[in-house]
Amino acid sequence: MTMAGAGGVFFVPEMSDDARVRVFRRNLSALEEFEGMEVDAYAIITDRYVVILDTMLCPDDVALMMQSLQDELAGREILCVNSHADWDHAYGNGYFTGTRAAPIIAHEHCRTRLQSEEARSELADFQNRYPIFANVALVPPTITFIRDLTIHGGNLTIQLLPAPGHHLDHIAAWIPELRLLLAFDAVEKPVPLIESAAGAPYMFATLESLIALQPQRVLCSHSKTTSPQLVQDNLAYLREIEQRCHAMLQTHRPTGPELAHPSQLINYPFDEVIAGVTGPIDRSFYSQAHENNIRYIMEWLMS
């Protein structure tokens with residue numbers, strides 16, 4: 001059963017088989033180009049902490065999560081973790097300031113991104129277009145790491161691991177006692193999203209490292225699945241792009257205009273990618289992501 005909260009935030013109990021792991025979903029309604037998309041955030045309840053992983057679109061979203069968790073807060077400290085600095089994962093950080101101040105933990109580059117002029121410009125643009133962002137302030141993490149960081153919660157351990165590729169600051173969370181991987185945006189159905197040509201080799205390495213953990217369950221931010229197979233599928237998809245790009249580069253080095261439609265260059269149409277995928281797909285969004293992934297892998301191989 002899914003219980004809805006005001007403002008488009010939902011508690012989704014069927015996504016977790018352990019009461020200590022709570023999944024919350026935000027519907028991105030009334031946001032034009034993002035209409036119909038959703039993003040998940042998590043609460044992990046340990047003996048010592050309630051750990052909020054990602055803060056969705058605004059402080060009000062976090063307020064709804066925390067309201068749902070009221071019975072778990074007594075005797076536990078609150079920690080917040082940002083998987084990365086993207087707006088649909090960190091715009092609610094402002095909840096954890098003032099009288100509700102709590103540590104916000106993230107990769108060091110997440111702090112850099114949230115303090116950048118690019119982030120300020122993006123927020124100003126969003127605030128001009130969408131009322132939901134009126135109360136958003138860019139609140140950077142207060143505790144950062146580069147290699148990894150472990151939260152020892154008593155009964156559960158949360159290992160925060162660098163997982164770049166989607167973005168340089170992206171991390172994953174591994175809970176070894178549950179064999180549970182929170183992959184956030186490193187894994188996605190039907191295809192992952194690579195940040196740039198420079199991010200391509202990182203994405204390959206990240207997916208390989210996540211597979212090596214041998215998770216029994218995988219939760220990711222946009223895909224409504226718990227299957228570890230999705231990590232394997234994402235890597236196989238990227239390897240297929242790499243193989244087809246290599247084959248083409250044996251005889252031809254594409255020009256800039258040719259890279260405008262790279263799926264045609266390597267004869268890997270989006271319909272082939274999603275042939276075995278079940279469930280609804282945002283075709284416009286993910287077909288463009290597919291084109292970008294090919295372009296970035298091609299540019300990486302040519303460099």
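Student: Which residue of β7 stands opposite V81?
Tutor: The model is predicted, with residues numbered from 1 along each chain as its sequence is written; local features need pLDDT of at least 70, side-chain atom pairs count only at pLDDT 80 or more, and totals for chains, interfaces and linings use all residues. Side-chain values use heavy atoms, without hydrogens or water. Strands (DSSP E, at least two residues) and helices (DSSP H or I, at least four) are numbered from the N terminus, and two strands pair if DSSP finds at least two bridges between them. β6 and β7 (residues 104-107) pair in the parallel sense over 2 bridges, and opposite V81 stands I105.

Student: In β6, which residue is the bridge partner of L53?
Tutor: Strand β5 (residues 49-53) runs parallel to β6 (residues 77-81), joined by 5 bridges. Within this pairing, V50 stands opposite I78. The partner of L53 is V81.

Student: What is the handedness of the β-α-β unit of β5, helix α1 and β6?
Tutor: View the strands pointing away from you: a right-handed crossover runs clockwise from the first strand over the helix to the second. Here the helix is α1 (residues 59-68). The unit that β5, α1 and β6 make is right-handed.

Student: Which residue of β5 stands opposite A43?
Tutor: Strand β4 (residues 38-45) pairs with β5 in the antiparallel sense over 4 bridges. A hairpin joins the two through 3 residues. Opposite A43 stands I52.

Student: How many residues of β5 are buried?
Tutor: Buried means under 20% relative accessible area, exposed over 50%, and partly exposed in between (1.4 Å probe, protein chains only). Y49, V51 and L53 point one way, V50 and I52 the other, and all are buried. β5 is largely enclosed by the rest of the structure, because the buried count is 5 of 5.

Student: Which strands stand at the edges of the open sheet?
Tutor: The sheet has 5 strands in the order β9-β10-β11-β12-β13, with mixed pairing. Each edge strand has a single partner strand, so one side of each is left without a neighbour in the sheet; the two are β9 (149-152) and β13 (217-220).

Student: Which residue of β10 stands opposite T150?
Tutor: β9 and β10 (residues 157-162) run antiparallel, joined by 4 bridges. Opposite T150 stands Q159.

Student: How far apart are the end C-alpha atoms of α9?
Tutor: The expected span is 1.5 Å times one less than the number of residues. Helix α9 (residues 283-302) has 20 residues, so it should span 28 Å; the end C-alpha atoms agree, at 28 Å.

Student: Which helices do the buried residues of α9 pack against?
Tutor: The buried residues of α9 include Y286, H290, I294 and M298. Contact means heavy atoms within 4.5 Å. The packing partners are α5 (200-212), α6 (229-249), α7 (262-265) and α8 (270-273).

Student: How close are the N and O atoms of the salt bridge between D86 and R113?
Tutor: A salt bridge needs a side-chain nitrogen of Lys or Arg within 4 Å of a carboxyl oxygen of Asp or Glu. D86 and R113 are both buried. The closest N and O atoms of D86 and R113 are apart by 2.7 Å.

Student: Which residue forms a salt bridge with E272?
Tutor: E272 is partly exposed, at 39% relative accessible area. The closest N and O atoms lie 2.6 Å apart, and the partner is R244.

Student: Which residues are linked with R76 in a network of salt bridges?
Tutor: R76 pairs with E72, the closest N and O atoms being 3.8 Å apart. The network holding R76 also has R22 and E72.
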